[in-house]
Amino acid sequence: MANDFLQDQQFNGTIFKEDDIKYKEFENCQFVNCDFRNCYFTSVYFIDCTFTECNFNDTKINYVSLRGVAFFKCDFTNVNFAMTDQVIYDFHFTDCLLDYSKFYALKLKRISFSGCSLVAADFMKTDLTEAVFDHCDLRRTVFIETILNKADFTTSFNYAFDPEINKIKKAQFSLEGLQGLLHKYDIVVK
């Protein structure tokens with residue numbers, strides 16, 4: 001089945017229905033204040049697109065390609081990204097709500113999260129080499145068997161993970177954030 005191709009379009013306040021997104025390719029499109037909660041993303045391509053103040057809460061994502069995509073102030077609560085296309089990808093989040101989202105076993109090298117809430121997000125077995133977590137809330141976020149080499153956590157907070165079961169070579173942390181790496185030892189850092 002060939003995908004429908006949409007280019008250089010702007011969608012404002014659009015409420016997308018379940019099948020409105022399936023088998024479509026969007027290039028250089030802008031989505032502002034759109035609602036994707038009722039969509040089922042299947043075989044969808046987004047290339048050089050921006051999403052601003054869009055709602056993806058509980059959206060089902062299967063075989064979605066994100067290339068040169070930026071998300072601003074979007075709600076991704078409880079979204080599972082595990083089925084995104086990993087061949088060519090490039091997407092970033094700014095001021096987004098990503099609580100309870102799942103990135104299980106993805107290769108997300110050089111991804112950036114800026115000003116995001118990632119409470120109880122799942123990064124188990126994810127490759128986050130050179131990822132940037134800038135001013136992010138990482139309370140109860142899961143990092144198990146995660147590659148965090150050269151990742152930057154210097155301005156983020158509330159993270160706690162075990163350095164012995166994650167790869168953290170040359171990762172960056174603030175002095176205040178070190179207690180999150182020592183959490184498992186049940187020691188008091190003052």
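Guide: A residue counts as buried when its relative accessible area is under 20%. The model is predicted, and in this model both Phe123 and Phe133 are buried.

Visitor: What makes the pair of Phe123 and Phe133 edge-to-face?
Guide: The structure holds 46 aromatic pairs. The ring centres of Phe123 and Phe133 are 5.9 Å apart and their planes stand at 85°. Rings pair if their centres lie within 6.5 Å, and planes over 60 degrees apart count as edge-to-face, so the pair of Phe123 and Phe133 is edge-to-face.

Visitor: Where in the chain do Phe123 and Phe133 sit?
Guide: Phe123 is in the loop between strand S9 (112-114) and strand S10 (132-134), and Phe133 is in strand S10, ten residues apart.

Visitor: Why is the pair of Phe161 and Phe173 called tilted?
Guide: The centres of the Phe161 and Phe173 rings lie 6.2 Å apart, with planes at 50°. Planes under 30 degrees apart would be stacked and those over 60 edge-to-face, with the rest tilted, so the pair of Phe161 and Phe173 is tilted. Both Phe161 and Phe173 lie in the loop between S10 and helix H1 (178-181), twelve residues apart.

Visitor: How do you know whether Phe161 and Phe173 are buried or exposed?
Guide: Phe161 has a relative accessible area of 5%, and Phe173 has one of 19%. The cut-off is under 20%, so Phe161 is buried and Phe173 is buried.

Visitor: How many cavities of 30 Å³ or more are there?
Guide: The count comes to one cavity of 30 Å³ or more. The largest cavity holds about 80 Å³ of space.

Visitor: What makes up the lining of the largest cavity: nonpolar, polar or charged residues?
Guide: The lining residues are Phe41, Phe46, Phe51, Phe56, Ile61, Val64, Leu66, Phe71, Phe76 and Phe81. Val, Leu, Ile and Phe count as nonpolar, so the lining divides into ten nonpolar, no polar and no charged residues.

Visitor: Which strands supply at least two residues of that lining?
Guide: Strand S5 (40-47) and strand S7 (60-72) each do. S7 gives the most, with four residues.

Visitor: Why are S5 and S7 said to pair?
Guide: S5 and S7 share seven bridges in the parallel sense. At least two bridges are needed, so S5 and S7 pair. Ile47 stands opposite Arg67 in S7.

Visitor: How many bridges join strand S3 (residues 24-27) to S5?
Guide: Three bridges join S3 to S5, and these strands run parallel. The bridge partner of Glu25 in S5 is Tyr45.

Terms used: Residues numbered from 1 in each chain as written. Predicted model: local features only at pLDDT ≥ 70, side-chain atom pairs only at ≥ 80, totals over all residues. Heavy atoms only, no water. Phe/Tyr/Trp six-rings, centres within 6.5 Å; stacked < 30°, edge-to-face > 60°. Buried < 20%, exposed > 50% of the residue type's maximum accessible area, 1.4 Å probe, protein only. 1 Å grid on protein atoms, 1.4 Å probe; cavity = no way out; pocket = protein on both sides within 12 Å on 5 of 7 lines; lining within 4 Å. Points joined across faces, edges and corners; volume = space filled by probe spheres on them.
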